[in-house]
Amino acid sequence: VAGAISYAKKNGKSIKKWGWGAALVMYMIPFWDWLPTVATHQIYCAKDSGYWVYKTPEQWKAENPGVLETLVANKTPVLVSHEGNQDSWVDAEMLNQRIKIVSKRNGPLFLHRWRWEGEWVDSKNNEVLARYVDFYTSHERRQAGWSGWKFWLATDHCVGYQEQAIKFSKTIEQYGALK
């Protein structure tokens with residue numbers, strides 16, 4: 001910035017324009033992606049995040065008479081599959097004889113965005129009973145810690161994620177997975 005101001009003085013240019021222009025360029029070098037990342041995170045949170053129940057426990061019980069009473073929760077969920085790598089993966093864990101939770105993490109997506117998705121699934125027919133989707137942003141660099149060196153890009157979750165996550169967790173109690 002000082003160099004730009006000095007150049008402007010020597011060459012009869014506008015000191016303010018050259019000074020502010022240089023300051024803007026210096027600011028944009030590390031922060032060029034901050035506003036687009038925040039905007040993208042908010043758009044995806046508003047558009048795609050949330051909690052949905054596709055089949056209520058009452059509907060499931062009506063379609064599967066007597067099954068709920070026979071289910072016994074696994075003390076520790078049993079991992080039945082794992083696909084992917086350290087960045088993007090899918091895990092499936094059996095909570096009892098019929099219900100499994102499928103957890104998915106995808107990323108990094110456009111502008112440091114990560115998508116987390118959880119599903120309660122009836123393992124008999126692979127029908128999704130409930131789904132929870134959340135987003136977070138992070139410039140992950142393993143050598144620089146969780147948020148990476150661009151710590152200002154770290155946004156934990158979408159607004160309202162705690163209430164939705166609690167609803168998602170409580171849904172499984174109604175399916176007898178935690179007896």
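Which residues does A8 touch, not counting residues up to four places away in sequence? They are K13, S14, I15 and W18, where contact means heavy atoms within 4.5 Å.

Before I go on, some ground rules. This is a predicted model, in which local features need pLDDT of at least 70 and side-chain atom pairs count only at pLDDT 80 or more, while totals for chains, interfaces and linings use all residues. Residues are numbered from 1 along each chain as its sequence is written, and side-chain values use heavy atoms, with hydrogens and water left out.

Back to A8. This residue sits in helix 1, residues 2-10; helices (H or I, at least four residues) and strands (E, at least two) are DSSP runs, numbered from the N terminus. A8 has 1% relative accessibility and counts as buried. Buried means under 20% relative accessible area, exposed means over 50%, and partly exposed is in between, using a 1.4 Å probe and protein chains only. From A8 to T137 there are 129 residues in sequence and 40 Å in space, C-alpha to C-alpha.

Next, the aromatic pairs. The whole structure has eight of them. Rings of Phe, Tyr and Trp (its six-membered ring) pair if their centres lie within 6.5 Å; planes under 30 degrees apart are stacked, over 60 edge-to-face, and the rest tilted. Y7 and W18 have ring centres 4.9 Å apart and planes at 50°, so this pair is tilted. Y7 is in helix 1 and W18 in helix 2, so the pair ties together parts eleven residues apart in sequence. Both are partly exposed, Y7 with a relative accessible area of 40% and W18 with 37%.

W120 and F168 are another case: their ring centres are 4.7 Å apart and their planes at 15°, so the pair is stacked. It links distant parts of the chain, with W120 in strand 5 (residues 113-122) and F168 in helix 5, 48 residues apart. Both W120 and F168 are buried. These two also belong to a cluster linked by ring pairs, along with Y51, W116 and Y132.

On the surface there is a nonpolar patch made of L24, Y27, M28, W32, W34 and L35, with about 620 Å² of accessible area together. Helix 2 (15-31) and helix 3 each supply at least two of its residues, and the largest share, three residues, comes from helix 2. W32 is in the loop between those two helices and is partly exposed, at 48% relative accessible area. For the method: patch residues have over 30% relative accessible area and no salt bridge, with like charges joined within 9 Å and nonpolar side chains (Val, Leu, Ile, Met, Phe, Trp, Tyr) within 5 Å. A salt bridge is a side-chain nitrogen of Lys or Arg within 4 Å of a carboxyl oxygen of Asp or Glu. Accessible areas come from the Shrake-Rupley method with a 1.4 Å probe, and for residues only the protein chains shown count as cover.

Last, the disulfide, meaning a pair of cysteine sulfur atoms within 2.5 Å. The structure holds one, joining C45 to C158 with an S to S distance of 1.9 Å. C45 is in helix 3 (residues 34-48) and C158 in the loop between strand 6 (127-137) and helix 5 (161-174), 113 residues apart. The torsion about the S-S bond of C45 and C158 is about -75°, so the disulfide is left-handed. C45 and C158 are both buried.
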